[in-house]
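Please read them with the structure open beside you.

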Amino acid sequence: MTAAVAVIGEGRPRQARGVVLDRAFEWLCFGAASLLLTALAGVVISLTIGGWPALAKFGPAFFFSAEWDPVAEVYGAAGAVTGTLVTSALALLFALPLALGVAIFLVELCPARLRRTIGTAVELLAGIPSIVYGMWGLFVFAPWFVKHIQLPIMMSVEPGSIWERLTAGVPNGAGILTASLILAIMILPFMAATLRELLLTVPSQVRESAYGLGSTTFEVVGKVSLPYIRTGAVGAVMLGLGRALGETMAVTFIIGNAHGLPTSIFASGSTIASTIANEFAEASGVLHTGSLMALGLVLFIITFIVLALARLLIGKQVHG
Amino acid sequence: MIRRTFLGLAATLALAACGGGDKPDAPASGAQISGAGATFPAPLYAKWAELQQAETGLQLNYQPIGSGGGIKQIKARTVAFGASDKPLKPEELGADGLAQFPAVIGGVVPIVNLPGIAPGGIRLDASALADIYLGKITRWNAPALTALNPGVALPNLPITVVHRSDGSGTTFLFTSYLTAAAPQWAQVGANDAVAWPVGQGGKGNDGVAAYVKQTPGAVGYVEYAFAKQNGMAHALLKNAAGQFVAPTAPAFAAAAAGADWSQAPGFYLLLLNQPGAEAWPITGATFILMHKTQANAATGKAVLGFFDWAFNKGDPAADDLAYVPLPADLKARVRASWAEIVGPDGKAVAGPAS
């Protein structure tokens, strides 16, 4: 009894210090988390305040009008929003199968010797600055694209058909499709690296069991590995989409920067990020600046919806 | 060396400015001034600053954040001077108590990509250029263009219109020129970004140049300095005197020389379509903005000292970088205008040094 008390008594100083440190640690973590929330709220509030002149002036028409006329001071977000959604969706369409292919090759098929090299190369690709992709896209990729893809397609479509309208455009490689392809290349390494990490988390017992039961590689990947990682995979895809939505410089260089709704895959368009990058530095009027801020708010909302959808999908899969 | 420079400087100022004579000789060696604004003159300001720092120790911190940003910064008094490719109207200057003066001449050059036609081989006028940018003329062998180019075999190519996608003083000058010289352009108007009826937008001069180079049949417009340094294939333009001129430094200088600055309060003048057989029609100056009442006289004096040095000794550097220096009489006029920039005591900061 006395011995026990003595032990507690002896232990107290150390325990007290532990409690203090623990408290401090809790507060530090809480502070970090709430700082993030504060910053987020700050961004939303300042975007709303900044964009308010435009939102108040144009009302809901701001979201549905594709007119963008800095001289007459009439602004609408529809063109930029459409450009953003179309390029991001196309980029995801191109990048996802490739990213899956890279990841599966690295985990299941690649000789161990090459695995590290290719894995590192993929991760390095993710570190290339966006402006480099833009320059490369404009000076290297666009001319190649015109010669080998755009012109053959434009010349092979039947005159007067719907295809002609969908492939109309200036034959210099600047447009929606090129921007989507550049975006796909940009989000590919990120998605491939994440998917590879996810595939590596599949327990080897599970995979080996499947192989032991006589499954082919295709069956193991399709029926064991992919279902195992699908939750994380959705997250990876959504993060890729998030990057595509907000990508600025590379798109600005290659999309052709025409306001209004794009009418074909080779037509020039604009995205929210490219419009802001193009015009913010020189925008002087309250309405012009306000409209660009409001565009930023729209992008924020779109990104929020994408993340919310991702959460929803992940939640469903976990329970289902 | 420093001493000699400032004696020269002081003499020039004494000629041009009026005001009290009790200022110290020179801004302290190693004085620092800050400026922000237009990107177009940034390489020249950097060069001037480098040359001048070696000579006088004056340090310039210039941030090329764009003309719009420069105007915002000077209004907020976060910098000693703002720089803008787009002059502020006298009313706007008055409202914020700002003074404005031109620093260097620049201009806009239409560039083309026409297979089989040498640089300068095609002639355009304001009306044709406006119709092209409105999408009314869509082929190079259209009657309006062949009429301007007798004896030139213009190709049967569709015209691809290229413009700047980013807000830019270049676009402001170009659209102001079309507004001034071609009545049909009124439907679009002039600004540093406009609602282009047709065409593709390239980011920056290099973006426009890349689109034009990569597209046979394209027409675009870039800064003169950029066109010269990159050897772009330019078009000849018809000026107010009815002459077709090439974009050369003398043509820009001629436009600046022919302008009547005496009728332009706050130097609000765009140099578009200036008289003179040699004058290039799309010429403009890039401007410096300062508060008329300087909170710190030494800073104001240092800024004016910087530009005074540039006007005295900066012309070769400007020529090297393909900018066009101000004509001598305009420099004198600008120096005279500095008298209205005063310190907190109401005395001209640039006043005769001794």
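1. Ser268(A) sits in the loop between α10 (249–254) and α11 (272–279) of chain A; helices here are DSSP runs of H or I with at least four residues, strands are E runs of at least two, and both are numbered from the N terminus. At a relative accessible area of 15%, Ser268(A) is buried (buried is under 20%, exposed over 50% and partly exposed in between, with a 1.4 Å probe and protein chains only). Its side chain makes a polar contact with the side chain of Gln200(B), at 3.0 Å. A polar contact is a pair of N or O atoms within 3.5 Å; within protein, one must be able to donate a hydrogen and the other to accept it, and residues adjacent in sequence count only if both atoms are side-chain atoms. Neighbours within four places in sequence aside, Ser268(A) is in contact with residues including Ala174(A), Ile255(A), Pro262(A) and Gln200(B), contact meaning heavy atoms within 4.5 Å.

2. A word on conventions: this is a predicted model, in which local features need pLDDT of at least 70 and side-chain atom pairs count only at pLDDT 80 or more, while totals for chains, interfaces and linings use all residues. Residues are numbered from 1 along each chain as its sequence is written, chains are lettered from A and ligands numbered from 1 in the order in which they are written, and side-chain values use heavy atoms, leaving out hydrogens and water.

3. Gln200(B) leads on to the interface. Together with Lys203(B) and Gln214(B), Gln200(B) is among the residues of chain B that lose the most area to chain A, the three making up 25% of what that side buries. The area buried between the two chains is about 2,200 Å², with carbon and sulfur atoms giving 51%; this is the accessible area (1.4 Å probe) that two parts lose on being put together, summed over both. The contact draws on 31 residues from chain B and 29 residues from chain A.

4. How many salt bridges are there between chain B and chain A? The count is zero, taking a salt bridge as a side-chain nitrogen of Lys or Arg within 4 Å of a carboxyl oxygen of Asp or Glu. Polar contacts, by contrast, join 13 residue pairs between chain B and chain A, both residues at pLDDT 80 or more. On the side of chain B that touches chain A, α8(B) gives the most, with five residues.

5. Within chain A, Glu108(A) belongs to helix α3 (residues 78–109). Glu108(A) is buried, with a relative accessible area of 15%, and its side chain makes a polar contact with that of Arg207(A) at 3.2 Å.

6. Now for the rings: 28 aromatic pairs are counted over all chains. Rings of Phe, Tyr and Trp (its six-membered ring) pair if their centres lie within 6.5 Å; planes under 30 degrees apart count as stacked, over 60 as edge-to-face and the rest as tilted. Tyr45(B) and Tyr62(B) are edge-to-face, because their planes are at 90°, with centres 5.1 Å apart. Tyr45(B) lies in helix α2 (residues 42–56) of chain B and Tyr62(B) in strand β2 (residues 59–63) of chain B, so the pair ties together parts 17 residues apart in sequence. Tyr45(B) is buried at 0% relative accessibility, and Tyr62(B) is buried at 13%. Both belong to one aromatic cluster that also includes Trp48(B), Phe81(B) and Trp338(B).
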